[in-house]
Amino acid sequence: MKTVIIKYNAGNIRSVLYALDRIGVEGVVTDNPEEIRAADRVIFPGVGEASTAMNYLKERKLDLLIKDLKQPTLGICLGMQLMCKHSAENDTPCLGIFDVEVKKFQSPVDNLLKIPQIGWNNITGLYSAIFEHVPENSYMYFVHSYYAALSADTVATTNYVINYSSALQKDNFYAVQFHPEKSADAGQQILENFLKIQ
């Protein structure tokens, strides 16, 4: 089975490679359209800023390619946000795989919660094959200032300032706001589940 990690200028690619290696899977990092299309599994990671990342994808026509993928595809962090319709981060039109708005956390004046959210938080309402054997209320590692609103495609929810989508799924597209590659045993289980999806 060939697992491809899409190469673009928004990296947490190394940590994803290490996580795959820990479960005995060799990931291939590429921005080559033919390699991506031929893969059995595609991972679309990301840490960074939405408009810069979308510009990079559009310059290489990877935006069109990603939307057209038929194999199981997993967006992580910024990758998840870019799979949505629009991001408030620099007013960025995104891929539109999920009909979801990405908004910025607005922390109330009397609220001690800091923006961005950095650290461990739990996920609830788990409803997807990628959460098989993952206990309800499992803790995952998050780093983000923007969030995907709740929608019909929400398959996990987290609360930080507001309830939001910590995971989305539609057809062959899966997306998580947290970093499974940095989320200990539960995160590893999610990656293993993704790699087993038919």
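Contact here means heavy atoms within 4.5 Å. The model is a predicted one, so to speak of local features a pLDDT of at least 70 is needed, side-chain atom pairs count only at pLDDT 80 or more, and totals for chains, interfaces and linings use all residues. Residues are numbered from 1 along each chain as its sequence is written, and side-chain values use heavy atoms, with hydrogens and water left out.

Leaving aside residues up to four places away in sequence, Asn122 touches Asn137, Ser138, Tyr139, Thr157 and Thr158. With Asn137 there is also a polar contact, side chain to side chain, at 2.9 Å. The term covers a pair of N or O atoms within 3.5 Å; within protein, one must be able to donate a hydrogen and the other to accept it, and residues adjacent in sequence count only if both atoms are side-chain atoms.

Thr30 sits in strand β2 (residues 27–30) and makes a polar contact of its own, 2.9 Å between its side chain and that of Glu35. Thr30 counts as buried because its relative accessibility is 6%; buried means under 20% relative accessible area, exposed over 50%, and partly exposed in between (1.4 Å probe, protein chains only). Its contacts, again without residues up to four places away in sequence, are Val4, Ile5, Ile6, Lys7, Glu35 and Ile36.

Strand β11 (residues 154–160) is mostly covered, with six of its seven residues buried. It pairs with strand β12 (residues 162–170) in the antiparallel sense, over six bridges; for strands to pair, DSSP must find at least two bridges between them. Ala156 has Ala167 in β12 as its bridge partner. One residue lies between the two strands, and Val161 takes a positive phi near 70° in this hairpin.

As for charges, the whole structure has six salt bridges, each a side-chain nitrogen of Lys or Arg within 4 Å of a carboxyl oxygen of Asp or Glu. Lys85, Asp99 and Glu101 are linked in a network of them. The closest N and O atoms of Lys85 and Asp99 are 3.0 Å apart. Lys85 lies in the loop between α5 (78–82) and β5 (86–87) and Asp99 in the loop between β6 (92–93) and β7 (101–104), so this pair ties together parts 14 residues apart in sequence. Glu101 and Lys85 meet at 3.7 Å, N to O. Lys85 is partly exposed, at 38% relative accessible area, while Asp99 is exposed at 57%.

Rings turn up too: the structure holds nine aromatic pairs. Rings of Phe, Tyr and Trp (its six-membered ring) pair if their centres lie within 6.5 Å, with planes under 30 degrees apart counted as stacked, over 60 as edge-to-face and the rest as tilted. Phe142 and Phe178 have ring centres 5.7 Å apart and planes at 70°, so they are edge-to-face. Phe142 is in strand β9 (residues 139–144) and Phe178 in the loop between β13 (173–176) and α6 (184–196), 36 residues apart. Phe142 is buried, with a relative accessible area of 0%, and Phe178 is buried, also with 0%. Finally, Phe105, Phe142, Tyr147, Tyr160, Tyr164 and Phe178 form one aromatic cluster.

Methods: Helix = DSSP H or I, 4+ residues; strand = E, 2+ residues; numbered from the N terminus.
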